[in-house]
Amino acid sequence: MTGQPVRIGVVGGGLMGKELLALTRRWDALVDHPSRPEVVALADPSPGVQQWWRQAGVATVTDDYRLLLDDPGIDVLYLAVPHDVHERLYLDAVSARKDFLGEKPFGIDLGAATRIVAAIDDSDCFVRVSSELPFFPGAQRAAGLVRDGVLGEVLEVRSGLLHSSDLDRDKPGNWKRRKATCGEIGVMGDLGMHAAHLPLRLGWMPRTVYALLDDVVRTRPGADGAPVPCDTWDNAVLALTVDVPDRRFPMLWETKRIAPGQSNTWFFEAYGMDGGVRFSTRSPQTLQRFGMVDGEQAWSEVQPGHRSVWPTVTGAIFEFGFPDALLQMWAVFLGERAGRLEGGFGTATPHEALASHRVFAAALRSHDTGTAVELPA
Ligand SMILES: NC(=O)c1ccc[n+]([C@@H]2O[C@H](COP(=O)([O-])OP(=O)(O)OC[C@H]3O[C@@H](n4cnc5c(N)ncnc54)[C@H](O)[C@@H]3O)[C@@H](O)[C@H]2O)c1
């Protein structure tokens, strides 16, 4: 098989790190990719996690991420650690002149994100931010239709990511449910980039932010079963406005850990005077499109098939799923790094992550003051 070898070091081998290892072993699904990634090293302090990676056959397993940063044989890093570790690790990776894919939210807060992005801008590192869900073919088709102008004058945009596993009050507490490790922005740090990526890419930067934040479950069982504080926002609904000539249109970003009935639903909807699009990963094989047909209002259903940003050997009639979206994100990240994206939809950028942090910081101010907060033009 062809492709320039790319040796990847993973820092943080939990939920997301394991996904990367799995997808690199499915790389032959991609057609004519210029790179051939191999995960060669893991840094993670957890003995249980280390054992999993050793059993998976990864050569170097350590608890010290410095060993990966200082290893000239490692070309690219994947940084997938709790949010309180982002700033130190991402800045260290830039100082070590490593290319990397950094997990969202890309710093625990706006200050951290600002410092990380400034360091990246001053470097020659190729850095992108993880956000895989817009790589679903239905999401790509929706974005393409918007770019082609099917909406006409924009009326309203909605996007979000909805979970419901936190409905279970007995679900153990973890770092994502504590401000100190997840951040003051809570669920917006966990899920906000998923809501923000596509609207920001389409040029819809919010000008005003009004936030509805809800902390529903205040304690959860800790490791020994005793209750531990759970002090982050569980649900956030951001009512935003976007400037267009002569008016502002409304945009809603929804990020919820407690959305009854939704397991991991990513959605994007955009409506305009001439047409509309809506896509949800709940019905991943169909995209709905609104338009006038013979003078009547009509919704139609489009099946985008397995048509991805980076072509694959998988037939277009087959279904696309979450692991495919992750494979696409990595294909695009490494394809762009190799100069081969050729105008395709790129992985989220550090500046998009920074823009999302500006909105989340404004959301906290909005909540504190009970008012809409204006962002600079
Ligand atoms: N893109 C997505 O869809 C998605 C989904 C879930 C999480 N995430 C993001 O991925 C990141 C990690 O989340 P996760 O769900 O994989 O968490 P996780 O808790 O499953 O894994 C994090 C791992 O980091 C390790 N770790 C902690 N401190 C470390 C350090 N100093 N050096 C090395 N390793 C360290 C932990 O031991 C743990 O194994 C977060 O930024 C999160 O927001 C992204």
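# A walk through the predicted structure

Of the 22 residues around the ligand, the ones that come nearest are Gly-12, Gly-14, Leu-15, Met-16 and Glu-103. The model shown here is predicted. The shell around the ligand is made of 11 nonpolar residues, six polar ones and five charged ones. Two helices, helix 1 (15–24) and helix 4 (83–95), each supply at least two residues of this shell.

Now take the chain as a whole. The protein chain contains 10 helices and 17 strands. Its C-alpha trace spans about 65 × 50 × 40 Å along the principal axes. A compact globule of 377 residues would have a radius of gyration near 21 Å, and the protein chain has 21 Å, which agrees. Of the 377 residues, 44% count as buried. Consider the contacts in the protein chain with a separation of 6 or more: residues 24 or more positions apart account for 71% of them.

One of the pairs can be followed residue by residue: strand 4 (residues 76–79) and strand 5 (residues 99–102) run parallel and are joined over four bridges. Within this pair, Tyr-78 has Leu-101 in strand 5 as its bridge partner.

A second open sheet has nine strands in the order 16-15-14-13-7-12-11-8-17, and here the pairing is mixed. Its edge strands are strand 16 (296–302) and strand 17 (373–374), each of which pairs on one side only.

Which strands does strand 7 pair with in this sheet, and in what sense? Strand 7 (residues 154–163) pairs with strand 13 (residues 264–272) in the antiparallel sense over nine bridges. Strand 7 is also joined to strand 12 by six bridges, and these two run parallel. Leu-161 shows both pairings: it stands opposite Trp-266 in strand 13, and opposite Thr-255 in strand 12.

Moving along the order, strand 11 (235–244) and strand 12 (247–256) pair in the antiparallel sense over 10 bridges. In strand 12, Pro-250 is the bridge partner of Thr-241. The hairpin of strand 11 and strand 12 has two residues between the strands, and Asp-246 takes a positive phi near 75° there.

Strand 8 (residues 208–214) comes next. It pairs with strand 11 in the antiparallel sense over seven bridges, with Leu-212 opposite Val-237 in strand 11. Strand 8 and strand 17 are also antiparallel, over two bridges, and Thr-208 stands opposite Glu-374 in strand 17. In a regular strand the side chains alternate between the two faces of the sheet. Strand 8 has a covered face made of Val-209, Ala-211 and Leu-213, whereas Thr-208, Tyr-210, Leu-212 and Asp-214 form an uncovered one.

Helix 8 (residues 187–201) lies across strand 7, strand 11, strand 12 and strand 13, running at about 140° to strand 12. Helix 6 (residues 137–147) touches strand 13, strand 14 (276–280), strand 15 (287–293) and strand 16, and its direction makes about 165° with that of strand 14.

Which residues of helix 6 are buried? They are Pro-137, Gly-138, Ala-139, Gln-140, Ala-142, Ala-143 and Val-146. An α-helix has 3.6 residues a turn, so residues three or four places apart point the same way. The cover over the buried residues of helix 6 includes helix 8, strand 13, strand 14 and strand 15. After helix 6 comes Gly-149, whose phi is positive, near 90°.

Key: Residues are numbered from 1 along each chain as its sequence is written. This is a predicted model: local features need pLDDT of at least 70, side-chain atom pairs count only at pLDDT 80 or more; totals for chains, interfaces and linings use all residues. The radius of gyration is taken over C-alpha atoms; the globule rule is 2.2 Å times the number of residues to the power 0.38. A residue is buried if 20 or more other C-beta atoms lie within 10 Å of its own, exposed if 12 or fewer, and partly exposed in between; C-beta atoms are placed from the backbone. Two residues are in contact if their C-beta atoms, placed from the backbone, lie within 7 Å. A residue is near a molecule or strand if its C-beta atom, placed from the backbone, lies within 6 Å of it. Ala, Val, Leu, Ile, Met, Phe, Trp, Tyr, Cys and Pro count as nonpolar, Asp, Glu, Lys and Arg as charged, and the others, Gly among them, as polar. Two strands pair if DSSP finds at least two bridges between them. Axes are lines fitted to C-alpha atoms, for helices over the stretch in contact, and angles run from 0 to 180 degrees between N-to-C directions.
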